[in-house]
Amino acid sequence: MSASLPDPEALIATLAARMKGAVDRDAGIVGIYTGGAWVAERLHAALGLAAPLGVLAVTLHRDDFGRIGLHPESRRSQIPFAVDGREIILVDDVLHTGRTVRAALNELFDFGRPRAVRLAVLADRGGRELPVSADFLGTAVELAPGEELVLSNESGRLRFDAKRRPA
């Protein structure tokens, strides 16, 4: 397993500090289920934005849906504000291939046409397959080959683990 992993709680504070003053007060924050929603909830509170928090379920928009199947917890997207013409901050926990972000953009545009979409990510682990990068980044993380970075929520405290990918 990889050496020490960063503390997600500290990274959220860092990310919020980087975003303050760079994000419109009327911007909408939308987290990608599941880890991105946890991060978005904390960023939304830290930034004090006017629009309520939104969440996206992207499973049905993934281009590898046939290979990975449905997520065991079926969730629905909820964006309780108008997307049209608004700056959207899309939030995810880990940026890897870029496929989740691509799926999230497809789902987001089902709700309307934002003025701009900016990406906030807690950790970038590299390995991009699509041309996607974060506008706001907590940190970059290097993992051993065959590992993935997983965010968990243990009684309200976020934690990163490096887990072996199934063969």
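This is a predicted model: local features need pLDDT of at least 70, side-chain atom pairs count only at pLDDT 80 or more; totals for chains, interfaces and linings use all residues.
**Strands**

Strand S4 spans residues 116–124 and pairs with strand S3, residues 87–95. The two run parallel. S4 also pairs with strand S5, residues 136–140, again in the parallel sense. The table sets out both pairings.

| Strand pair | Sense | Bridges | Residues standing opposite |
|---|---|---|---|
| S3 (residues 87–95) and S4 (residues 116–124) | parallel | 8 bridges | glutamate 87 and alanine 116 |
| S4 and S5 (residues 136–140) | parallel | 4 bridges | aspartate 124 and alanine 140 |

Helix H4 covers residues 99–109. Together, S3, H4 and S4 form a β-α-β unit. What is its handedness? The unit is right-handed.

**Valine 101**

Valine 101 belongs to helix H4. Is valine 101 buried or exposed? Its relative accessibility is 7%, so valine 101 counts as buried, the cut-off being under 20%.

Which residues does valine 101 touch, leaving aside those up to four places away in sequence? They are Leu90, Leu95, Leu119 and Val132. Leu90 and Leu95 fall within S3, residues 87–95. Leu119 falls within S4, residues 116–124. Valine 132 lies 31 residues from valine 101 in sequence. In space, the C-alpha to C-alpha distance between these two valines is 7.7 Å.

**Aromatic rings**

How many aromatic pairs does the model hold? The count is 0 aromatic pairs. A charge does sit over a ring, at tyrosine 33. The charged end of arginine 75 is placed there, 4.8 Å from the ring centre.

Conventions:
Residues are numbered from 1 along each chain as its sequence is written. Side-chain values use heavy atoms; hydrogens and water are left out. Rings of Phe, Tyr and Trp (its six-membered ring) pair if their centres lie within 6.5 Å; planes under 30 degrees apart count as stacked, over 60 as edge-to-face and the rest as tilted. A charge sits over a ring if NZ of Lys or CZ of Arg is within 6 Å of the ring centre and within 35 degrees of the ring normal. Buried means under 20% relative accessible area, exposed over 50%, partly exposed in between (1.4 Å probe, protein chains only). Contact means heavy atoms within 4.5 Å. Two strands pair if DSSP finds at least two bridges between them. A crossover is right-handed if, with the strands pointing away from the viewer, the path from the first strand over the helix to the second runs clockwise.
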